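My notes are below, in the order I took them.

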Amino acid sequence: MSNLDLSAHANEIASTHSRILNNDNSISWALYGFDQASTALNVQAQGSGGLDELAEEFDDGKVQFAFARVQDPNTNLAKFVFISWCGQGVPVFRKGLVGTQVGQVQKVLTGYHVSVVARSEEDVQPGEIMEQVERSSGAQYSYHSKPKPAPPTTSKPAFGSQTAFKKNASYGAPTVSKGPGWNAAAAAALSPPASTMRSGGVSPVSAGSTKPLFGSGSRPASSLYGRASARAPASPDPGARTGPPPSAYRSQQEERQAELEALRRGSRAQSPHSNRQDQDDKLRREQEMLQRQREEEEERRRKQEQEIQRQREEEERQRQLQLQQQKEEEEYRRQQEMQKQREAERQQELERQREEEARQRQRQQEIERQENQQQQQAGGGGLRARAVYDYDATADDELGFQEGDIIYNVEKLDPGWWAGENEDGSRQGVFPANFVEIIEDVPPLPGKSAAAAAAGPPPAGPPMAPPPPPAAPKQPAGNQAIALYDYDAAEEGELSFREHERISQVLFPSEDWWEGVNEAGQHGLFPANYVEL
């Protein structure tokens, strides 16, 4: 605990201190201390039950500090008390640190009127603390405020009486009335005679003198309690014994005791000048306290304004971030829409190109069909061809044959594939063009007209390229396409290929599905939109 930590719980400490100063009815005192093996000052207890409740919270084995609000009984104003407590059970090495810690804590718990150093339960009793509060407020105590009790009146002894006073007897003080004719001569006439008293245990007293008060070597009783002649008997008996009147002696003792008590409590009557000085000091302290409160309030207000400004700046920053994010999201959506639009336009262009290609193929097929019809009309039974290799149909629309078979009514669908029928006309289909050769000397099919037969064979076509060897019968020339995407066959009869792979011998059975051969020699159907011619 050599280093006092006042920052760890500064907010809680400041809150309780401020509430006590601001006369918060829910709190009138707060107790501060340390946790075990910790140097951080924290709030250990608080309450509104006054000094009686606070006194029960002090621990004999701890170092603690308290700040309390009390009511001055003299002025009925709120007063603030700071208490530094060091219990008797605190180790010696920690007691040595209390002196330095008190000053640091007092800088935090400011605004107190009375500082109490407490080491035992008696020091924190409410009565003891309130006495110090009363003294701090400049209250006046005067033992002269009580009226002096009048000495009892006793019978005056006869002048010149020789009756001796009894030893240890009690006598009342003589009463002397000051009339209009009272003067110094009368006072001298009342002075006791110079003759001595009878023997009997009483010391003689010289004439014209009075017995001094106890403890006063030079000051006569008249200096405190009036003129001596007022207390002397009017006509003392020269032979009588004298002594201090018991009632006057007790009165002097009571006044002396009251004086000592007033001195002990620091409440001796003060002069008007001292009263004004105390009032000025009190006013100055209150003004200083008010000034400190105003400064603290101004500091709190300034911190609140700074916090409000910081929150506004943070809100503005968050708003700017949200606007930036909204702009970025709008830009991203706009780009996505533009990309979708471009993709749609590209798809439309591809679709248009495919439609145009389909129309061109249809026109080409129509032209070839018309040419075949013209050839058939000119030659009677149409073109005929002889199979030079065996061919097994792989699909229902293909025509299978054996080497040497004659195919009738041959139609040239494209340079790679032709169509025709067998000799009896029972089977029709397409077949590779390089598996046959055109012939002219074969008679027409039965049932053809004699005129058509007499017309003779059609003129020979252009020379055909030699067919490939039988090991690769499915490599006829034809339309070729390039794969735009990868395609994996989903069922039997379809053709699989990879992107950029070349597909040859392309046929067009329908608008959406084409037929061809990939680079591995596999034959099948595939989607038309996955390739381009």
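I'm working on a predicted model, where local features need pLDDT of at least 70, side-chain atom pairs count only at pLDDT 80 or more, and totals for chains, interfaces and linings use all residues. Residues are numbered from 1 along each chain as its sequence is written, and side-chain values use heavy atoms, with hydrogens and water left out.

**Entry 1, salt bridges.** I searched the whole structure and got 17 salt bridges (a side-chain nitrogen of Lys or Arg within 4 Å of a carboxyl oxygen of Asp or Glu). Side chains of opposite charge can pair when their charged atoms come close.

I looked at Arg301 and Glu298, whose side chains meet in a salt bridge at 2.6 Å, N to O. Where do Arg301 and Glu298 sit in helix 9 relative to each other? They are three residues apart in helix 9 (residues 272-379), so about one helical turn separates them. Helices here are DSSP runs of H or I with at least four residues, strands are E runs with at least two, and both are numbered from the N terminus.

Next I checked exposure, with buried meaning under 20% relative accessible area, exposed over 50%, and partly exposed in between (1.4 Å probe, protein chains only). Arg301 comes out partly exposed at 35%, and Glu298 is partly exposed at 45%.

Glu299 forms a salt bridge with Arg302, with the closest N and O atoms 2.3 Å apart. These two are also three residues apart in helix 9, so about one helical turn lies between them. I have Glu299 as partly exposed at 31% and Arg302 as partly exposed at 35%.

Arg346 pairs with Glu343 in a salt bridge, closest N and O atoms 2.8 Å apart. Being three residues apart in helix 9, Arg346 and Glu343 are separated by about one helical turn. I also noted a network: Glu356, Arg359 and Arg363 are joined by salt bridges that share partners.

Helix 3 (residues 92-108) has 17 residues and reaches 25 Å from first C-alpha to last, close to the 24 Å expected at 1.5 Å a residue (1.5 Å times one less than the number of residues). I found a bend of about 40 degrees at Gly99, taken as the angle between axes fitted to the seven residues ending there and the seven starting there.

Which residues of helix 3 are buried? I listed Val98, Gln101, Val102, Val105 and Gln106. The buried residues of helix 3 pack against several strands, including strand 1 (29-34) and strand 5 (114-118), with contact meaning heavy atoms within 4.5 Å.
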